[in-house]
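User: I'm new to reading protein structures. Could you walk me through one, feature by feature?

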Amino acid sequence: MTARRVKLVHTSDVHLDGRVRSDAVDGFRNAAERAFSRVIDVVLAEEADLFLIVGDLFDHGRVSDEDFHFVREQLGRLACPVILLPGNHDVHDETSVWHRIEFDDDGSHNGGHVHLLLETDGDCLEFEDIGVRVWGRAMQEHAPENVPLEGVPPRHVDMWNVGLAHGQVVEERIGWASSQITHDEIRDSGFDYLALGHIHVWGDVSQGTTKACYPGSPVAAFASRDGGHVAIATLCPERGVEVERCQVDEAEAASEGASGDWMMP
C-alpha cells in the first residue's frame, strides 16, 4: 500500500430536531445541537482529513428549516471533506429530508467539501490527495430486504478503503430484522475501516482485518453509560487502523433508567 497516514472523525445518530428533543441548553436549542457542535470542535482540534456522519443526523423527514440552517452553519466551520449517509430515521425515499436540504453555501453541489451518499445501490468517492476511497449505500427503506453492505466494490489496492453502513450488526442474518450487517460481510468487505451507525452506544465489532466501530450517539441523553462519544480513527501504513473514543457529552446527562451496552435506537 502506498497510502499515507490519514485521520478521520466518525459520528452517527445525532437525531437533530429542534422542536421536541430537549430544552435549550448552553445557547443551543437542544442537547443534540450542543453535542453536534462539540463533534465539529473535535474535527477541528484533531485536524481531521475526513469527517463521516453515518446516518440519522436528522430524527425524521419533517425537521424545520432552522435545523437545516444549523447543520449548514456547523459544517461551514470545516474545510475537510464531509461525508453524509442516510439512516433509518432520515431514509432517502420519495419524502426524503435529503430532497429538502441544500448545502450550496458550502459548495457541495459544486465540487465543495460536503458530499451526500444518496445512491441506493451504493456510491464511491475517491479522495486522491489523501489516498482514501469511501463507499456507502443509502437506505431507501429500513426493512429486512435492506442489506447495507450489498454491492461493496473490490478493494482499491493503492488507497485506504473506508466504508459507511447504517444497520444492526449480527452474527448471522435473522429473517425478520431490518438492515442487518453480518460478521462475515464485515470480514469479507475489504474495508480497512467500516464506520457504522444505528446503535446509540460505543461498540467495536471488528472482524478479520476490517476495523469496524459504532461511535454511538454523541448525545449522552440518547444512550446508556456508553453514549456521548465520537470515534477518531487513524489509518497508518505502519500500524494499521487505530480507533480512539472521545467523549463530547457528559455521561451524567444520560437518561435515567438506560441500561445495557447495546441500546437499540
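Predicted model: local features only at pLDDT ≥ 70, side-chain atom pairs only at ≥ 80, totals over all residues.

User: How do I read a nonpolar core, and how many residues does the largest one have?

Analyst: The general idea is that nonpolar side chains tend to be buried together in soluble globular proteins. Here, the largest nonpolar core has 36 residues, and Phe36, Phe51, Leu57, Phe58, Val71 and Leu75 are those with the most contacts inside it. At least two residues each come from α1 (31-45), β2 (50-54), α2 (65-75), β3 (82-85) and β13 (229-236). The most come from α1, which gives eight. Apart from this core lies another of 25 residues, including Val6, Phe127, Ala195 and Trp202.

User: And the sheet: in what order do the strands run?

Analyst: In general, strands of a sheet pair through backbone hydrogen bonds, either parallel or antiparallel. In this model, six strands form an open sheet with mixed pairing, ordered β4-β3-β2-β1-β13-β14. At the edges are β4 (114-116) and β14 (240-247), each pairing on one side only. Look at β1 (residues 6-11): this strand and β13 pair in the antiparallel sense over five bridges. Lysine 7 stands opposite threonine 234 in β13.

User: Where does α1 lie?

Analyst: Helix α1 lies across β1, β2, β13 and β14, and runs at about 150° to β2.

Methods: Residues numbered from 1 in each chain as written. Heavy atoms only, no water. Core = buried A, V, L, I, M, F, W, Y, C linked by side-chain atoms within 4.5 Å. Buried < 20%, exposed > 50% of the residue type's maximum accessible area, 1.4 Å probe, protein only. Helix = DSSP H or I, 4+ residues; strand = E, 2+ residues; numbered from the N terminus. Pairing = 2+ DSSP bridges. Contact = heavy atoms within 4.5 Å. Axes fitted to C-alpha atoms, helices over the stretch in contact; angles between N-to-C directions.
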